Amino acid sequence: MVVGQKVALGWAHAGKTVTIEVTDTDLTIHTDTGPQTVRRTTDQNLRSIKAHRPRKVSNKT
């Protein structure tokens with residue numbers, strides 16, 4: 001979810017890190033396969049940046 005808008009990229013991008021550029025009218029999502037632009041449907045401002053780090057798999061045997 002970005003600025004109150006849900007964006008679905010599909011299973012191919014699940015669990016991967018992406019970069020998102022936010023403008024007044026568009027969201028540009030940079031993935032491994034190239035940038036995808038989505039029209040904004042909300043007018044909320046970007047208030048804070050909260051990102052989740054990718055989970056690390058433990059190698060305990």
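Author: Let's start with R40, which is buried but has no salt bridge. The nearest side chain of opposite charge, D24, is 5.3 Å away. Keep in mind that this is a predicted model.

Reader: Why doesn't D24 count as a salt bridge partner for R40?
Author: A salt bridge needs the charged atoms within 4 Å.

Reader: Where does R40 lie relative to the strands?
Author: In the segment after β3.

Reader: Switching topic: how many helices and strands are there?
Author: Zero helices and three strands. Along the sequence the pattern reads β-β-β.

Reader: How are the three strands arranged?
Author: They make an open sheet, ordered β1-β2-β3, with antiparallel pairing. β1 (19-22) and β3 (34-39) are at the edges and have a single partner strand each, so one side of each has no neighbour in the sheet. On average, neighbouring strands are turned by 20° against each other, ignoring direction.

Reader: What holds strands of a sheet together, in general?
Author: Strands pair through backbone hydrogen bonds, and the pairing can be parallel or antiparallel.

Reader: Back to this sheet, then. How many bridges join β2 to β3?
Author: Six, with β2 covering residues 26-31 and the two strands running antiparallel. Together β2 and β3 form a hairpin, with two residues between them.

Reader: Which residue in β3 is the bridge partner of L27?
Author: That's V38. Likewise, H30 stands opposite P35 in β3.

Reader: Is β3 buried or in the open?
Author: Largely in the open, because zero of its six residues are buried.

Reader: Last one: of the contacts between residues at least 6 apart in sequence, how many join residues at least 24 apart?
Author: 28% of them.

Terms used
Residues numbered from 1 in each chain as written. Predicted model: local features only at pLDDT ≥ 70, side-chain atom pairs only at ≥ 80, totals over all residues. Heavy atoms only, no water. Pairing = 2+ DSSP bridges. Helix = DSSP H or I, 4+ residues; strand = E, 2+ residues; numbered from the N terminus. Axes fitted to C-alpha atoms, helices over the stretch in contact; angles between N-to-C directions. Buried < 20%, exposed > 50% of the residue type's maximum accessible area, 1.4 Å probe, protein only. Lys, Arg positive; Asp, Glu negative; His and termini not counted. Contact = heavy atoms within 4.5 Å.
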